[in-house]
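I opened this entry to keep a record of what I looked up in one structure. The notes follow the order in which I checked things.

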Amino acid sequence: MGVALAVGLALALTGCGEQEAREDVLIDNESLNMAYGLTSVQVSDVTLTRQLVVTYTQEQEQEVSFNVGGRRVSKVYVNAGDLVSKGDLLVELATDGLQEQIDELEYRVAKNQKELEYLDSAQKFEEQGTYNSLVYNNPDIKEEDLENLEKSEEAVSRNYRYKREDLNDELEFDKRKLSELKAQISSARITSTMDGVVYRVTDELEGSTSRKDEVVMTIVDNKSGRFVMEEPDYVSYFHEGELYDLRIVYSSAVGDYEVTPSDPASWGDEQYFEVVSGPENDGIDVGTTASIIIELDRRDQVPSLPLGAIHYADGKPYVYVLDENEFRQVQWIQIGLVGDDMVEITEGLSAGDKVVH
């Protein structure tokens, strides 16, 4: 069980022999007989840093969604983590015979276009036949025959005009329908618009029913990403153009990097950093967390002790020193900056003094 020592912070006798009130502070010692070592007050730099967490995000992404609802998702061609290239097929909705309808319409359109081309020569051929039968083979042509020829030519021209109108109407209808069906096919087959990696795919997507505008997949460009931080209170510690150390501990891209602030003038709740240098790897995965170490404060070449050598009682710092009999005694001190591993000593000790550690 620990032993509590009462230490008098102030004890003085007045000139009349009266004793002033004594302020006691309880110091809890776990064991007065425990082994100890000695350390010296040294002159060194005391630094206080803060580790800020950042997350790797992408600058470019493709959110995959359907522009129609109520259709069955027939095939999903990729999984989360897959690398894709621009133009790769990602997911497809059931087309329910659309391609067969498209093939039939394309055949009809091609056929009618050929018939339109044929009508010109057919009309000329028929007009020439009419002329030959009424004029060329009739040496004794009469005015009545010429009138009949004109009427026949008008009838032929009218007949072919109607045929062209009918074919053009049919072509217009088929082309419009073909465009609609191709749009449906296009909306049913979604391809990647960029090179990247599949970041997220909705669970059990294949076989489900599509919902209009619902994002079912995300493609990200993992080669053009940046780190994002959400620490607006520490914005003042970063300056444009300066380099800061960043460390990734758990990732395929583990290592030490250098980053620089990305357009800090526009920072708000989120702050962005671009990677300037680091180890060679296949890229940093989206979602990778890392830490940036910033220096909050420092004291250069001041008397200091390791953190573990400083004790506190009621918030007041003290150390243990050895008296002439090698017994531990409490030595009250004043401290300045409490750093990451060292503490600045401002009063109560000097450089070279030894304390129990």
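Which residue in E19 is the bridge partner of tyrosine 320? I find valine 330 in that place. Strands (E, at least two residues) and helices (H or I, at least four) are DSSP runs, numbered from the N terminus.

Notes on the source. This is a predicted model, in which local features need pLDDT of at least 70 and side-chain atom pairs count only at pLDDT 80 or more, while totals for chains, interfaces and linings use all residues. Residues are numbered from 1 along each chain as its sequence is written, and side-chain values use heavy atoms, with hydrogens and water left out.

Sheet with E19. I looked up the strands around that bridge. E17, E18 and E19 form an open sheet of 3 strands in that order, with antiparallel pairing; two strands pair if DSSP finds at least two bridges between them. Strand E17 (311-313) and strand E19 (328-332) are the edge strands, each pairing on one side only. On average, neighbouring strands of this sheet are turned by 45 degrees against each other, direction ignored (axes are lines fitted to C-alpha atoms, for helices over the stretch in contact, and angles run from 0 to 180 degrees between N-to-C directions). Between strand E18 (residues 316-322) and E19 I count 5 bridges, and the two run antiparallel.

Whole chain. I noted 2 helices and 22 strands. Of 357 residues, 33% count as buried, where buried means under 20% relative accessible area, exposed over 50%, and partly exposed in between (1.4 Å probe, protein chains only). Among contacts between residues at least 6 apart in sequence, 70% join residues at least 24 apart; contact means heavy atoms within 4.5 Å.

Another open sheet has 4 strands in the order E5-E11-E10-E7, paired antiparallel. Strand E5 (61-65) and strand E7 (83-84) stand at its edges with a single partner strand each, so one side of each has no neighbour in the sheet. E5 and E11 are joined by 5 bridges in the antiparallel sense. Within that pair, glutamine 62 has isoleucine 219 of E11 as its bridge partner.

Leucine 205. I placed this residue in the loop between strand E10 (196-201) and strand E11 (215-220). Is leucine 205 buried or exposed? Leucine 205 is buried, because its relative accessible area is 6%. Beyond four places in sequence, its contacts are Val73, Val76, Val91, Val216 and Met217. Leucine 205 and valine 76 lie 129 residues apart in sequence, yet 7.3 Å apart in space, C-alpha to C-alpha.

Cores. A nonpolar core is a set of buried Ala, Val, Leu, Ile, Met, Phe, Trp, Tyr and Cys residues joined through side-chain atoms within 4.5 Å. The largest has 21 residues, and Phe227, Phe238, Leu246, Phe273 and Ile292 have the most contacts inside it. Among the elements giving two or more residues to this core are strand E4 (42-58) and strand E16 (289-306). A second, separate core of 18 residues includes Val64, Phe66, Val76 and Val78. Returning to leucine 246, I listed its contacts beyond four places in sequence, including Val54, Phe227, Tyr257 and Ile292.

Aspartate 174. I found this residue in helix H2 (residues 143-188). Aspartate 174 counts as buried because its relative accessibility is 0%. Leaving aside neighbours within four places in sequence, aspartate 174 is in contact with Leu105, Arg108, Val109 and Asn112.
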